[in-house]
Amino acid sequence: MQAEHEEAMSAYAEAERNFRAGRFAEARNAARGALATDGPDARLSLILGRAHAAEDDDDHDDRAETAYREGLDSFPDDLDLLTAYAELCLASDYLERPGRHRRGPELALRVTELAPGSQQALRLEQRARHGGSLGFRGPRPPSPQRTQLHDARVALAAADPRSAAIQAGARARAHPADDRLAVLAETLDALNGPGRAPLRWMVRAPLATALLRAAWCAGVLLSVPALHLPGWTRLAVLAPLPALLLRHSLLRRARVRAAARPPAPPEATPSAPALPSMPPVPAYTSRELATGAAILVGLVAASTVSGLWSYRQYTAYPHYTVAAPEHVRGFARQDAGPVKARMESAMGPDVPGGNWHPYVYTYGTDPEHPAIALWGATGDFHDAPANALRDLQESIDEPGFTPRSNWNADSGRLGGTMRCMAYEVQGAPMLNCVWLDKGSMGTVCFADEGQDHETTAALARSVREAVMHRDATGGAEA
């Protein structure tokens, strides 16, 4: 019997070491294995339940409740099991787990009946008071997170991190029944770890760091439209998130370790509530409330302005005036001719975009065979698909049309994108360059006389820039 008890104690010690180190799965495995081998044990059921509850997950909360109830089936009056189960129930959501939530006050009253004035009873009384249970009324105490951060901030302001952690640990050992001191000692010990200086700064200066995070987020949001950055760069607002998650996890685990410390010996538990060993946590100051409100308003405003600004940039398009000169590259403009008439009739309503105005010009000496043919449209093309240029080139439907090669080209000072193609029409070699920006699309065709790619694109750009003129009074850059 003695050997079995020692094995159970050894298994509990192993599970507790894993638990306090944050290895919750290992703690559960150790406790579960010992329970399966040696039978019911209150302390093993306690550590198993706490190792599930520490995961802060609905499924693990259900398993924690199962562990506590199985332990209480064998040890119905165990104060620590009752207390842990009551804390789980009091912290549960009333809408999601109404039955569990209702059991919290019943379990707390059971602890008070079994051990009035005990540390467990006093702790549950505070939890119930905070949660509004058991009929308590009056001002709501600060949350455990606010209390934890306040205490850590005061301690770090009074001493360097290492000294503050040593002092808090000594006070916690001298007053093992004091929950706040236990949480403070665990918190400072965690904040004193390597690479934790940024987290200590977030604890020491919460308003300053909150303002810096808000300024970073607002700056990122407004930089997207101001610098014409792609929309996905807004994800940079998440840059401070890892530090926030680490701080949240670190603080939560510190509270979990403090709650899982061994129960205080009876002589350390006063018969009546003692005066608090630490000063009360002050209520939120007007400065804190004003800062929080300013951050919220600023972030909402930055998000709204960024969205509206980006949308206006997206929908805006440059406005052009189309005015064809009398001559282009030495060729005279042809104001009539069968080729020009045929091209004008082909400009149907299927041009990408919606609000558009077509144009057709030809240049040369022979109306039957112009040297340069130019056609296209101006208007709102901001929604034109990326493959519109390829579709425009591939839609050429002429007898004897045979494509030979195509390539992307520099679109020049008017911007947008340009794509050129070499092809044949009834054996005659031809070149074709198409362009598209938010305010126009167009095509230039001319004879292939052996030009290289850059010469071809330069000729197309010169024709485009000779005919199309940016309206300085309206529209945005393409």
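## Getting oriented

Helices (H or I, at least four residues) and strands (E, at least two) are DSSP runs, numbered from the N terminus. The chain as a whole comes to 17 helices and 10 strands.

This is a predicted model, where local features need pLDDT of at least 70, side-chain atom pairs count only at pLDDT 80 or more, and totals for chains, interfaces and linings use all residues. Residues are numbered from 1 along each chain as its sequence is written, and side-chain values use heavy atoms, with hydrogens and water left out.

## Inside and outside

Let's sort out what's hidden. Buried means under 20% relative accessible area, exposed means over 50%, and partly exposed is in between (1.4 Å probe, protein chains only). Of the 478 residues in the chain, 41% are buried. Take Thr 187 in helix H10 (residues 179-191): its relative accessibility is 0%, so Thr 187 counts as buried. Leaving aside neighbours within four places in sequence, Thr 187 is in contact (heavy atoms within 4.5 Å) with Gln 148, Ala 152, Leu 251 and Ala 254.

Leu 245 is another story: with a relative accessible area of 51%, Leu 245 is exposed. Together with Trp 232, Leu 235, Leu 238 and Leu 241, Leu 245 forms a nonpolar patch on the surface, with about 550 Å² of accessible area together. Such patches are made of residues with over 30% relative accessible area and no salt bridge; like charges are joined within 9 Å, and nonpolar side chains (Val, Leu, Ile, Met, Phe, Trp, Tyr) within 5 Å. The areas come from the Shrake-Rupley method with a 1.4 Å probe, and for residues, only the protein chains shown count as cover.

Now for the strands, which pair if DSSP finds at least two bridges between them. An open sheet of eight strands runs in the order S2-S3-S4-S5-S9-S8-S7-S6, with antiparallel pairing. Strand S2 (327-328) and strand S6 (401-409) stand at the edges with a single partner strand each, so one side of each has no neighbour in the sheet. S6 and S7 run antiparallel and are joined by eight bridges. Trp 407 has Cys 420 in S7 as its bridge partner.

Cys 445 is in no disulfide, and the nearest cysteine sulfur, that of Cys 433, is 8.8 Å away.

## Salt bridges

A salt bridge is a side-chain nitrogen of Lys or Arg within 4 Å of a carboxyl oxygen of Asp or Glu, and the whole structure has 18 of them. In one, Arg 110 meets Asp 77, with the closest N and O atoms 2.6 Å apart. Arg 110 lies in helix H6 (residues 98-114) and Asp 77 in the loop between helix H4 (58-74) and helix H5 (79-90), so the pair ties together parts 33 residues apart in sequence.

Another salt bridge joins Asp 151 and Arg 180, with closest N and O atoms 2.6 Å apart. Asp 151 is in helix H8 (residues 144-158) and Arg 180 in helix H10, 29 residues apart. Which one is buried and which partly exposed? Asp 151 is buried, with a relative accessible area of 5%, whereas Arg 180 is partly exposed at 22%.

Notes:
Disulfide = S-S within 2.5 Å.
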